[in-house]
Amino acid sequence: MSEDTGNNKERGIYVYCMIKAPAQKKSFGNMGFGGEDVYTLEYRDFAPVVSTAAVKNYEVNDDEVELHRKVVEHVMKEHDVIPVAYGMAFKNKKLLLFAMSAGYKAMRKAMSEVTNKVELGVKVLLPKEDASWDGKEKCKSDFMEALKNKSAQSKELKLFSDRLVMNAAFLVDRDKIEDFSDEMGKLENKYANLKIQYSGPWPPYNFVDIQILSKRKGGFR
Amino acid sequence: MFIIDDLLLDQFGIRIPGLNLIWTLEQIRDFALREMYDPEKVKSNIKENRMLFELGEMTTDEYEKTNAKLLQELKLAKREAEMNLSIRTDILGAR
C-alpha cells in the first residue's frame, strides 16, 4: 500500500465501479487491495463493486492503480460498468450508500449511455525521427471522421506529448468492435509512416464523469 | 549600495516592485518553481513515458527509472502548490 497520511488502522469500503444489481450478491474473488474479497453491495438497481480497505489518501502508484484497473476490467467481462475514480474509500457502508443516493440520477443516465458499450483508445504519433511532418491536421481529421462513423460517442483527449497528432477515446457497441477495428486497419495502412496505438476494450472512463460529494475533479465519479 | 538600501527598506515593509532586488529574485524563483513543479506538466510527462514504453521505445528499466523520478516530481509539485511559496512572511511583519 502507498504512504498513509491518515489513521492506518481505519478500515472502510473501497469502491472500484458500479454495475447493475445482479440477482444476488456476487463475489469476484480475492483480488482487491491486500488480497481482500471483491464483492457487490446493493443500492436500488445498482451494485457498487467493493472490497474492505484502508481509508486513506490513495496516492498515484503504478501497482495500486494497476490493481484498481484490473478489478474493473475483470468485472467488465461480465457486466456493464460505471468506473469509479481511483482512490475512493468510504468510512462505512452508510456513507457509501448516502453518496449513491446523491448520485443516483446521474448514475442511471450514465448507465443508459454505456450499456453494452466499451471504450476504445486511439493515439497517433509522429515517429521519433520525423517530428516536423506537416500532414498532422489532415491526418487527425481523417481518423476522427472515419472513427466517429463507427462509434456511438467520441472524445478528443489532451495531446500530452509533442509527438502526438491525435489522442481520442471512442465509445463503441460491443458488437461493433470488429467494424471499428476494420476501419482502424484501413487507417493504419493509409498512414503507415506514423506510429499508432490502438487499445481496449476499456471501461468507459472517458464517457462517465459523475462527481458526488467532492468539488475536486477526480472525486467520486 | 543599492543592495543595502534595498534590504533596509525591505525590513520596514517598503518595496518598489520591479526595482526591488529581493522582489525580483523572488519572481524569478517562483517562475522557475512553477516551470519545474507544474503538476499538469509532470502528469503529461508521466503519460508520455508510459506511452513510449508501451510502444517499445524504452526498456522496462528505463521506463521504471523515469517513472519513479516523475512520480517523485509530482509529489513535490503537489506539495509546492499546497505550500504556495509565493507568499512570504517577514519576521518584521512586511509581506
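Accessible areas come from the Shrake-Rupley method with a 1.4 Å probe, and for residues only the protein chains shown count as cover.

## Basis of the model

This is a predicted model, in which local features need pLDDT of at least 70, side-chain atom pairs count only at pLDDT 80 or more, and totals for chains, interfaces and linings use all residues. Residues are numbered from 1 along each chain as its sequence is written, chains are lettered from A and ligands numbered from 1 in the order in which they are written, and side-chain values use heavy atoms, with hydrogens and water left out.

## Chain B

Chain B has four helices and zero strands, in the order α-α-α-α along the sequence. Helices (H or I, at least four residues) and strands (E, at least two) are DSSP runs, numbered from the N terminus. Of the 95 residues in chain B, 23% are buried. Buried means under 20% relative accessible area, exposed means over 50%, and partly exposed lies in between (1.4 Å probe, protein chains only). Among chain B contacts (heavy atoms within 4.5 Å) between residues at least 6 apart in sequence, 48% join residues at least 24 apart.

A nonpolar surface patch is formed by Leu21(B), Leu25(B) and Ile28(B), which together have about 270 Å² of accessible area. Leu25(B) belongs to helix α2 (residues 21-36) of chain B. Patches are made of residues with over 30% relative accessible area and no salt bridge; like charges are joined within 9 Å, and nonpolar side chains (Val, Leu, Ile, Met, Phe, Trp, Tyr) within 5 Å. A salt bridge is a side-chain nitrogen of Lys or Arg within 4 Å of a carboxyl oxygen of Asp or Glu.

## Chain A overall

Chain A contains five helices and 10 strands. Of its 221 residues, 48% count as buried. For contacts in chain A between residues at least 6 apart in sequence, 73% join residues at least 24 apart.

## Helix α1 of chain A

The 15 residues of α1(A) (residues 62-76) should span 21 Å at 1.5 Å a residue, and the end C-alpha atoms are 21 Å apart, which agrees. The expected span is 1.5 Å times one less than the number of residues.

Glu64(A), His68(A), Val71(A), Val72(A), Val75(A) and Met76(A) are buried in α1(A). They lie on the same side of α1(A), because they cover an arc of only 135° around the axis; the arc is that of the directions from the helix axis to the C-beta atoms. Asp63(A) and Lys70(A), on the other side, are exposed. The buried residues of α1(A) pack against several strands of chain A, including β1 (11-20), β4 (46-54) and β10 (195-202).

## Individual residues of chain A

Lys117(A), in strand β7, is buried, with a relative accessible area of 17%. Beyond its neighbours within four places in sequence, Lys117(A) contacts Asp80(A), Ala152(A), Leu171(A), Val172(A), Asp173(A) and Arg174(A). Asn116(A) lies in the loop between α3 (104-114) and β7. Asn116(A) has a positive phi, near 65°, and is partly exposed at 36% relative accessibility.

Arg44(A) also has a positive phi, near 50°. Arg44(A) sits in the loop between β3 and β4 and is exposed, at 54% relative accessibility. The peptide bond from Gly200(A) to Pro201(A) is cis, with omega near 0°; Pro201(A) lies in strand β10.
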